[in-house]
Amino acid sequence: MSRISLIWFGAAISIAEILTGACLEGLGLRRGLAVIVIGHIIGGLLLYLAGMIGVKNKEGAMKSSALSYGRFGSYFFAIMNIIQLVGWQGIMIFDAAYSAEGIWKIGHKWWCLIIGILTVTWIVLGSKSRDKINVIVMVLLMILTVVLSFIIFSGIKNGSSAASGVAEAISIGQGLELSIAMPLSWIPMIADYTYKAKKPIKTTLSACATYSFASMWMYIIGLGAAVITHETRIDQIMLKAGLGVAGLYIIVFSCVTTNFIDAFSCNQSTYALIPEDRFNPDADKKQTLKGNVILNLPGIIDTVIGTVCAMIFPMENITEFLYFIGSVFAPMISVQIADNFILRHKNEATRVDMTASFAWIIGFIVYRLLMKTDMVFGYTIPDMAITVVITIVFRKLSELSSSHSVRRVQNTN
């Protein structure tokens, strides 16, 4: 497993993914498993296409969006990604602290502070030191997660796959949407890691496949625990599995490794807002503490804000947050897919590409409207299909309008 694939494995080993899987309890084990697999295949494919856009243009995720939306248009999505990342930091730290408190009671706010400090430490370690520690942390996480999976699924009895009578009702479409949402949330970040790799296409495929498989695994753990034990609290699942200290390790370090990716992406999105002639994040490659702090300052600030929010605000239910992410980034990547793989359109010289912007606005509105209708295939896929078609039609109409304008000028002359 490559260094980048290992990082994305760590992104998937997440409390939030287990909790989201537990939200599918009402579907029962069989339908829940089907929804998880199908949703992650779709989400993983979208993640791969997003990564390939960055590879194709040799740019990070947010700078690649400028090719469709224009320079200022890409700023909007960079800001939206930063907002998303602050939210994820808070949610991840809140959930991890809540679960850790259930195993070792020292106070929720103290756990938030400890996890926040560990995340900042992880950020400023520098790639050389972090990569060595990361291997050890990931191997232990993998072993403990395998043990947790075995303990949970060894409790399956005949008839345990039936939907729980006490579970919150959820449709297949809603479940599919929750399964797609996690991979979709990483779309604004994947290219930041893969576009500079020595073998970017292979690295992108490996990273997306690793994340999708590990994320499915986490969802299945959450679903299995909820269906079999009707328990959705991670700390209680760990305690029932006999994983006291080991469970605490999974909770804390799965949060830290995932939050690091959020912090790194926050760095990249912030740098996308700053002209390179004023600040080039690649200029200083020295692995010093001061250098790492300066280069990672946006990610550190993101972590601090997330930690404070986790200490102050309740963040138990993330369903609406996932739907918000879908409504913003599904139409965003749809326009880019149409431009990069169908139309071969590039226009980063313009400030704001109005054609792409209008297509995204319609896609955003359509997504929110589709949420009011319960469809078996969810909202993301139909919204993306509609947005791709709209983008193609708008581009063709724009080209016709431009050609007519040129002819008028020529005829006038």
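Analyst: A nonpolar core is here a set of buried Ala, Val, Leu, Ile, Met, Phe, Trp, Tyr and Cys residues that are joined through side-chain atoms within 4.5 Å. In this model, which is predicted, the largest such core has 117 residues, and those with the most contacts inside it are Trp8 and Trp88.

The protein chain is built with 17 helices and 0 strands. Of its 413 residues, 56% count as buried, and 87% of the contacts with a separation of 6 or more are made by residues 24 or more positions apart. The chain exposes about 18,100 Å², of which carbon and sulfur atoms supply 67%.

Tryptophan 88 can be described through its partners. When its neighbours within four places in sequence are left aside, tryptophan 88 is in contact with Ala16, Met182, Ser185, Asn259, Asp262, Ile318, Phe321, Leu322 and Ile325.

Because tryptophan 8 lies in helix H1 (residues 3–12) and tyrosine 193 in helix H9 (residues 190–194), the pair ties together parts that are 185 residues apart in sequence. Tryptophan 8 and tyrosine 193 are both buried, and they also belong to one aromatic cluster, which is formed by Trp8, Trp186, Tyr193, Tyr211 and Phe264.

Tyrosine 249 and phenylalanine 253 both lie in helix H12 (residues 245–272), where they are 4 residues apart, about one turn of the helix. Tyrosine 249, at 19% relative accessibility, counts as buried, whereas phenylalanine 253, with a relative accessible area of 22%, is partly exposed; the two values fall on either side of the 20% limit below which a residue is called buried.

Lysine 56 lies over the face of phenylalanine 341, at 5.5 Å from the ring centre. Phenylalanine 394, in helix H17 (residues 380–412), is partly exposed, with a relative accessible area of 27%. Not counting residues up to four places away in sequence, phenylalanine 394 touches Thr355, Phe358, Ala359 and Ile362, and its C-alpha atom is separated by 7.5 Å from that of alanine 359, although these residues are 35 apart along the chain.

Isoleucine 221, which is found in helix H10 (residues 200–229), is buried, with a relative accessible area of 1%. Leaving out residues up to four places away in sequence, isoleucine 221 touches Ile18, Thr145, Leu148, Ser149, Ile152 and Phe153. The C-alpha atoms of isoleucine 221 and isoleucine 18 are separated by 6.2 Å, while the residues themselves are 203 apart along the chain.

Among the buried residues of H4 are Met62, Leu67 and Tyr69. After H4 comes glycine 70, whose phi is positive, near 85°. Lysine 58, found in the loop between helix H3 (28–57) and H4, has a positive phi of about 55° although it is not a glycine, and at 65% relative accessibility it counts as exposed.

Cysteines complete the account. The structure holds 0 disulfides. Cysteine 255 counts as buried at 0% relative accessibility, and its sulfur is 9.1 Å from the closest cysteine sulfur, in cysteine 112, which is too far for a bond. Cysteine 208 is likewise buried, with a relative accessible area of 4%.

Methods: Residues are numbered from 1 along each chain as its sequence is written. This is a predicted model: local features need pLDDT of at least 70, side-chain atom pairs count only at pLDDT 80 or more; totals for chains, interfaces and linings use all residues. Side-chain values use heavy atoms; hydrogens and water are left out. Helices (H or I, at least four residues) and strands (E, at least two) are DSSP runs, numbered from the N terminus. Buried means under 20% relative accessible area, exposed over 50%, partly exposed in between (1.4 Å probe, protein chains only). Rings of Phe, Tyr and Trp (its six-membered ring) pair if their centres lie within 6.5 Å; planes under 30 degrees apart count as stacked, over 60 as edge-to-face and the rest as tilted. A charge sits over a ring if NZ of Lys or CZ of Arg is within 6 Å of the ring centre and within 35 degrees of the ring normal. A disulfide is a pair of cysteine sulfur atoms within 2.5 Å. Contact means heavy atoms within 4.5 Å. Accessible areas come from the Shrake-Rupley method with a 1.4 Å probe; for residues, only the protein chains shown count as cover.
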